[in-house]
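I opened this model to look up a few local features. My notes are below the display.

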Amino acid sequence: MASSMEIMDRGINCLLEKLGVVETEQFISVIIREKFDYTKWQQEKFDNVSAEEFHSAAIAYAKENPFRN
């Protein structure tokens, strides 16, 4: 199991890779400022998504992003 620091390091590296430095900083600022609740955000995000839509999106994502260990 990864330590908190290892997870934070990997997370920041993912953000930097996908968003760049400036947008990563903006993302972190929003999370801190908005008292962000990840679970609530995910529930709201997927409230109007059918199981079929979710499944299709998951399959498409898996094809585009094969698991790498």
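**Ground rules.** I am working with a predicted model, in which local features need pLDDT of at least 70, side-chain atom pairs count only at pLDDT 80 or more, and totals for chains, interfaces and linings use all residues. Residues are numbered from 1 along each chain as its sequence is written, and side-chain values use heavy atoms, with hydrogens and water left out.

I looked up I12 and found I12 in helix α1, residues 4-33. Helices here are DSSP runs (H or I, at least four residues), numbered from the N terminus. I12 has a relative accessible area of 33%, so I12 is partly exposed. I used these classes: buried is under 20% relative accessible area, exposed is over 50%, and partly exposed is in between (1.4 Å probe, protein chains only). I12, L16, V21 and V22 make a nonpolar surface patch of about 330 Å². Such a patch takes residues with over 30% relative accessible area and no salt bridge, with nonpolar side chains (Val, Leu, Ile, Met, Phe, Trp, Tyr) joined within 5 Å. The areas come from the Shrake-Rupley method with a 1.4 Å probe.

Next I checked the second largest pocket, which holds about 190 Å³ of space. A pocket is an open set of points on a 1 Å grid, with protein on both sides within 12 Å along at least five of seven lines; lining residues have an atom within 4 Å of a point. The volume is the space filled by probe spheres set on the points. I listed the lining as C14, L15, E17, K18 and L19. By class, that lining has three nonpolar, no polar and two charged residues.

**Salt bridge.** I counted one salt bridge. The rule asks for a side-chain nitrogen of Lys or Arg within 4 Å of a carboxyl oxygen of Asp or Glu. R33 and E34 form the bridge, at 3.6 Å from N to O. R33 counts as exposed, because its relative accessibility is 55%.

**Distances.** S50 sits in the loop between α2 (38-46) and α3 (51-64). At 28% relative accessible area, S50 is partly exposed. S50 and I28 are 22 residues apart along the chain, and their C-alpha atoms are separated by 30 Å. R68 lies in the segment after α3. R68 is exposed at 74%. From R68 to S3 I noted 65 residues in sequence and 20 Å in space, C-alpha to C-alpha.

How values were computed:
Patches are made of residues with over 30% relative accessible area and no salt bridge: like charges are joined within 9 Å, nonpolar side chains (Val, Leu, Ile, Met, Phe, Trp, Tyr) within 5 Å. Helices (H or I, at least four residues) and strands (E, at least two) are DSSP runs, numbered from the N terminus. On a 1 Å grid over the protein atoms alone, a cavity is a set of points where a 1.4 Å probe fits but cannot get out, and a pocket is an open set with protein on both sides within 12 Å along at least five of seven lines; lining residues have an atom within 4 Å of a point. Ala, Val, Leu, Ile, Met, Phe, Trp, Tyr, Cys and Pro count as nonpolar, Asp, Glu, Lys and Arg as charged, and the others, Gly among them, as polar.
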